[in-house]
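Here is a short briefing on one protein structure. Look at the model first, then read the notes by topic.

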Amino acid sequence: MPVRRTRHLCAIAAALVLTVTAPTAAAADSSPALREVLFVGNNWDGTADVIESTGDFARIGRIDVVPDKDERMAEINADPIRWIYFMAIRSSVGEGHDQLVDDMYSTPDGTSVVVSRPSFADVVSLDLTTGRINWRFPVSGYRSDHMAVSPDGKRVAVSASTSNTVHVLDIGTGDELGSFKTGDKPHENVFSKDGKYIWNMSIGEVNTALDATWLDWTKGDRRITVVDATTFRQVKVVDMRDRLDAAGLRDHSDAVRPAAFSPDESKLYFQVSFFNGFFEYDVATDRITRTKTLPKNPATSDDRTTWVNDSRHHGITMKPDGTKLCVAGTMDDYATVVDRATLQQGPLVTASKPYWATVSGDGRSCVVSESGADRVTAIDFATGEKTVSVPVGDHPQRVRLGHVEAGWPGAEGGRR
């Protein structure tokens, strides 16, 4: 074949290849852009507010997380045992209200949000455009609780508090990938940064009036359970009772509540029941290395039976660079930023029953939920001062960073 003709055919072939492959590349680039937001779960409202993750934290929209409420209530009313547990949740941990949203995470593509609903003992995925339920997973037992999402966003772990079980689900389909047993009343879940491990903290019985220090043993088996996130086999158990005793802290509860790892995961900072402060735990040496006692509010009752679910402080998070901690002083009605190196606290920012703390999208602010005032408040990590408060729904608790599609309409749907 002549050289000129060969070159001509090659040019035609190259053009055909470009024609065929170009749309494929364009299609790959056409995936919807994502917008970072904060989801705020309004526990007694049965809604989740979607707010900006930085700046003025303005509300973008509201989601009804119980669109199937009538159906769920019909099931509960038809089952005497479920009805008893439902009413027990309302009168105890719910403080006279139904617990309709505890925790929530968005899916990696920003099209759905996955929500745990304690009173309905389930986890649901809600389509952010239609508001419809994509899937529903009833947990074992009679109450769902805190969740955690894996670093790749594909798995979600949820505590089933009355069955001492953690279920791990495929976030896209709701299929159960596995489960593992815990101590009594599993609560907080944390994935390691590499996604290889899940840490679960069980808090024991928090609804009895046996709150005196010498009766702490009646609260049950409280421990941290660490499992392999693929096989769900137990890797280790950390009983903080032994570690607290070794540090001379025998009068403190060993019920580990919210916790935050340092960036390198060498240290764990955690709160416990009844304590106005937190502890530093060294993972490698397996011991408590420092204690931070925070100020008491003189207006807070000394009657421990009046503290909600045995919490005095409930909510702790860390600035991404690891230099600052932010603490929600729930029963003491303040939040504060603490320097991690010196453990010196900053200003005590007045807040009404702050129930959670998380980090803003830009890492510059701590965002706390004020469950007693139905708002979220941002505190500047650099100054420790409040910058803005934004009204949300009834009794906000968990606040989580997530994503919606950039073009999400932000409809003000959901019940008011």
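With which side chain does the side chain of His-187 make a polar contact at 2.7 Å? The partner is the side chain of Asp-145. A polar contact is a pair of N or O atoms within 3.5 Å; within protein, one must be able to donate a hydrogen and the other to accept it, and residues adjacent in sequence count only if both atoms are side-chain atoms.

This is a predicted model, where local features need pLDDT of at least 70, side-chain atom pairs count only at pLDDT 80 or more, and totals for chains, interfaces and linings use all residues. Residues are numbered from 1 along each chain as its sequence is written, and side-chain values use heavy atoms, leaving out hydrogens and water.

**His-187**
- His-187 sits in strand β12, residues 186-191. Strands (E, at least two residues) and helices (H or I, at least four) are DSSP runs, numbered from the N terminus.
- His-187 has a relative accessible area of 7%, so it is buried. Buried means under 20%, exposed over 50%, and partly exposed in between (1.4 Å probe, protein chains only).
- A second polar contact, at 3.3 Å, links the side chains of His-187 and His-314.
- Beyond four places in sequence, His-187 touches several residues, including Ser-159, Asn-200 and Arg-257. Contact means heavy atoms within 4.5 Å.

**Asp-103**
- Asp-103 lies in strand β4, residues 103-106.
- Its relative accessibility is 0%, so Asp-103 counts as buried.
- The side chain of Asp-103 reaches the backbone nitrogen of Met-147 at 2.8 Å.
- Asp-145 and His-146 are among the residues in contact with Asp-103. Both also touch His-187.

**Asp-254**
- The loop between α4 (240-246) and β16 (256-261) holds Asp-254.
- Asp-254 is buried, because its relative accessible area is 6%.
- The side chains of Asp-254 and Arg-222 are joined by a polar contact of 2.6 Å.
- Asp-254 also touches Asp-216, Asp-239 and Leu-244, among others.

**Helix α3 and Ile-81**
- Ile-81 belongs to helix α3, residues 80-91.
- The helix α3 has 12 residues and reaches 16 Å from first C-alpha to last, close to the 16 Å expected at 1.5 Å a residue. The expected span is 1.5 Å times one less than the number of residues.
- At the start of α3, a side-chain oxygen of Asp-79 comes within 3.1 Å of the backbone nitrogen of Ile-81.
- With a relative accessible area of 42%, Ile-81 is partly exposed.
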